[in-house]
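Subject: Structure for your files, with notes

Hello,

Here is the structure you were expecting. My notes follow below it.

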Amino acid sequence: MKLLDKYILKKFLTAFFFTVLVLVMVICVIDFTEKNDDFLKHNLGVKQIMLEYYVNLFPYYANLLSPITVFIAVVFVTAQLAARTEIVAILASGVSFKRLLVPYIMGSTILAVITMGLTGWVIPYANKTRVDFERKYVKNPYHFKGRNVHIKIGPKSYAYMESYDNVNNVGYKFALETVEGTLLKRRMTAEAITWDSTKKAWRLTPQLVRIIDGPNEKLLTLPQRDTTLNLYPKDFASTYRLSETLTLPELNRYIQQKIDRGAADTQIYLSDKYERYAYPYAMFILTIIGVIMSARKSRAGVGGQIALGFVLAFVFIIFVILSRNFAQVGDLNPMLAAWIPSIVFTCIGLVLYRVVPR
């Protein structure tokens, strides 16, 4: 690594971490003012608030803002170099613009690897504590509001509940159906099904069983009994920010479970999964765009270039939010939605590289 690479890389990484620190601290202060009433209502101490919540909130926002902070850091460092005519001197010494990009790409590679590790494994562990804290002290008590719930619990087995009480773990108007192909072979109904936490099993009220064999049908009645099913109270628990608390392997397993059960909200988790891969790549693109935009000395000065950097960074975030919403409602393929912001900004970067004077 040459002296020039070390010089630019050090400035880039220093600016990045400083920007992250400032932005996240500002957000945490705003967050505290919004949630202070909840903290007071539950009589929480400073130590509990800081250790259980804000220590775990910091890496979450640091990662969320990473594309913005990378872009702002690049624009800030490069605009300063251009303002002091250092870029002109570097290029005049025979260094090509492509070679000038090398330390920036090295820096974005380091940050991309760190981001991938954080989003895949570290931050989900921190989010488990943070989300649990929010459920206890910030959010209202959770009540399952689903009606006429259908869940696939086996290759040929489907469970149905008209409603479910997650406080007492009781399901009402329960039915268990066995379907082969498109034919209903067996249907068992019970007025209620209750989870027994000591036995780790479901207790069924008296059941009516209907067995269908071609044109023949058979009706049976069964007394109250306990049974095990591939169905658990956690399937009806709060899913508030659940995807954020899952490591990458856990998220993959959970998505497969959702697919096997034919769940309707699989798109949400697929979108989150693909975003974790798209974010590191976005750092490369935003880094290159930042250098191209700010490498030329501007009459607006460093402040004008930084302001433009903020605008473009927030445009990127708007693209991320919009594409995520489209994916979660099923209007857009989750993988495509996760990569649309990066694809759009890749095209912008190619255009800028060709037309902007360097």
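About 60 Å³ of space lies in the largest cavity, and the structure holds one cavity of 30 Å³ or more. A cavity here is a set of points, on a 1 Å grid over the protein atoms alone, where a 1.4 Å probe fits but cannot get out; lining residues have an atom within 4 Å of a point. Grid points are joined across faces, edges and corners, and a volume is the space filled by probe spheres set on the points.

The model is predicted: local features need pLDDT of at least 70, and side-chain atom pairs count only at pLDDT 80 or more, while totals for chains, interfaces and linings use all residues. Residues are numbered from 1 along each chain as its sequence is written, and side-chain values use heavy atoms, with hydrogens and water left out.

The cavity lining

The largest cavity is lined by Glu275, Ala278, Tyr279, Ala282, Phe316, Val320, Ser323, Ala337, Ala338, Pro341 and Ser342. Helix H7 (266-294), helix H8 (301-328) and helix H9 (334-355) are the elements that give two or more residues to this lining. Helices (H or I, at least four residues) and strands (E, at least two) are DSSP runs, numbered from the N terminus. By class, the lining has eight nonpolar, two polar and one charged residues. Ala, Val, Leu, Ile, Met, Phe, Trp, Tyr, Cys and Pro count as nonpolar, Asp, Glu, Lys and Arg as charged, and the others, Gly among them, as polar.

Glu275 lies in helix H7 and Arg324 in helix H8, so the pair ties together parts that are 49 residues apart in sequence. Glu275 counts as buried at 13% relative accessibility, whereas Arg324 counts as partly exposed at 25%. Buried means under 20% relative accessible area, exposed over 50%, and partly exposed in between (1.4 Å probe, protein chains only).

In the whole structure there are 20 salt bridges, each being a side-chain nitrogen of Lys or Arg within 4 Å of a carboxyl oxygen of Asp or Glu. One of them joins the side chains of Lys128 and Glu250 (3.3 Å, N to O). Lys128 is in helix H5 (residues 97-137) and Glu250 in helix H6 (residues 248-261), so this pair ties together parts 122 residues apart in sequence.

Another salt bridge links Glu134 with Arg241, the closest N and O atoms being 3.9 Å apart. Glu134 lies in helix H5 and Arg241 in the loop between strand S9 (225-227) and H6, so the parts tied together are 107 residues apart in sequence. Glu134 is buried, at 4% relative accessibility; Arg241 is partly exposed, at 33%. Both belong to a network of salt bridges that links Arg130, Glu134, Arg241 and Glu244.

Kinked helices

H9 has a kink of about 40 degrees at Ile340, shortly before the proline Pro341. The bend at a residue is the angle between axes fitted to the seven residues ending there and the seven starting there.

H2 has a kink of about 35 degrees, centred on Tyr54. Among the buried residues of H2 are Tyr53, Tyr54 and Leu57.

Regards

Key: 1 Å grid on protein atoms, 1.4 Å probe; cavity = no way out; pocket = protein on both sides within 12 Å on 5 of 7 lines; lining within 4 Å.
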